[in-house]
Amino acid sequence: MQLAPNVKGAVIVTTPQDVAVLDAVKAAKFIGKLELPVLGIIENMSGMVCPHCGKAVDLFGTGGGKKAADDLHVPFLGAIPLDPAMVRAGDEGRPFILLHSGSATWVAVNAVMESLVKIIER
Ligand SMILES: [Zn+2]
């Protein structure tokens with residue numbers, strides 16, 4: 001924060017587990033002390049799209065990000081499932097969103113970005 005004086009707000013990314021949600025709440029309180037708004041919370045690793053059948057598998061549970069957002073009275077930006085294709089795209093240095101348009105994870109990332117853009121525009 002000290003190195004980036006133009007920062008106008010923060011987005012907190014959590015995973016669904018209770019212990020991660022606790023850390024997200026701590027981070028939000030820290031951001032509050034810096035007098036910055038929390039623009040929203042994203043739940044990452046929110047289940048996984050099975051590479052074999054394409055169905056969702058709940059690895060770490062779901063709903064923790066929404067719960068943290070509700071507790072903190074900040075917007076919930078959405079949940080993004082874990083996706084092996086996204087991991088590969090990262091390792092290859094290629095933007096996942098350009099490679100896999102239409103996948104469940106792409107749809108989730110797009111929805112999160114749409115929510116965030118709307119909040120920033122306000
Ligand atoms: Zn499967």
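Is Cys-53 buried or exposed? In this predicted model, Cys-53 has a relative accessible area of 52%, so it counts as exposed, the cut-off being over 50%.

Together with Cys-50, Cys-53 coordinates the zinc ion; each uses its SG atom, at 2.2 Å.

| Residue | Relative accessibility | Class |
|---|---|---|
| Cys-53 | 52% | exposed |
| Thr-105 | 0% | buried |

So what's around Thr-105? This residue sits in helix H5, which covers residues 104-121. With neighbours within four places in sequence left aside, Thr-105 touches Val-49, Ile-80, Pro-81, Leu-82, Asp-83, Met-86 and Phe-96. Thr-105 is buried, at 0% relative accessibility.

Now over to a helix pair. H1 (residues 18-33) packs against H2 (residues 64-72) at an angle of about 35°, and their axes lie 10 Å apart. The crossing of H1 past H2 is right-handed. On the H1 side, the contact is made by Val-21, Val-25 and Ala-28; on the H2 side, Gly-64, Gly-65, Ala-68 and Leu-72 meet them. Sorted by type, the residues of this H1 and H2 contact come out as five nonpolar, two polar and no charged.

Definitions and conventions
Residues are numbered from 1 along each chain as its sequence is written. This is a predicted model: local features need pLDDT of at least 70, side-chain atom pairs count only at pLDDT 80 or more; totals for chains, interfaces and linings use all residues. Side-chain values use heavy atoms; hydrogens and water are left out. Axes are lines fitted to C-alpha atoms, for helices over the stretch in contact, and angles run from 0 to 180 degrees between N-to-C directions. Helices (H or I, at least four residues) and strands (E, at least two) are DSSP runs, numbered from the N terminus. A crossing is left-handed if the near helix is turned anticlockwise from the far one by less than a right angle, and right-handed if clockwise. Contact means heavy atoms within 4.5 Å. Ala, Val, Leu, Ile, Met, Phe, Trp, Tyr, Cys and Pro count as nonpolar, Asp, Glu, Lys and Arg as charged, and the others, Gly among them, as polar. Donors are N, O and S atoms within 2.8 Å of the metal (3.2 Å for Na, K and Ca); water is not among the atoms, so sites may look incomplete. Buried means under 20% relative accessible area, exposed over 50%, partly exposed in between (1.4 Å probe, protein chains only).
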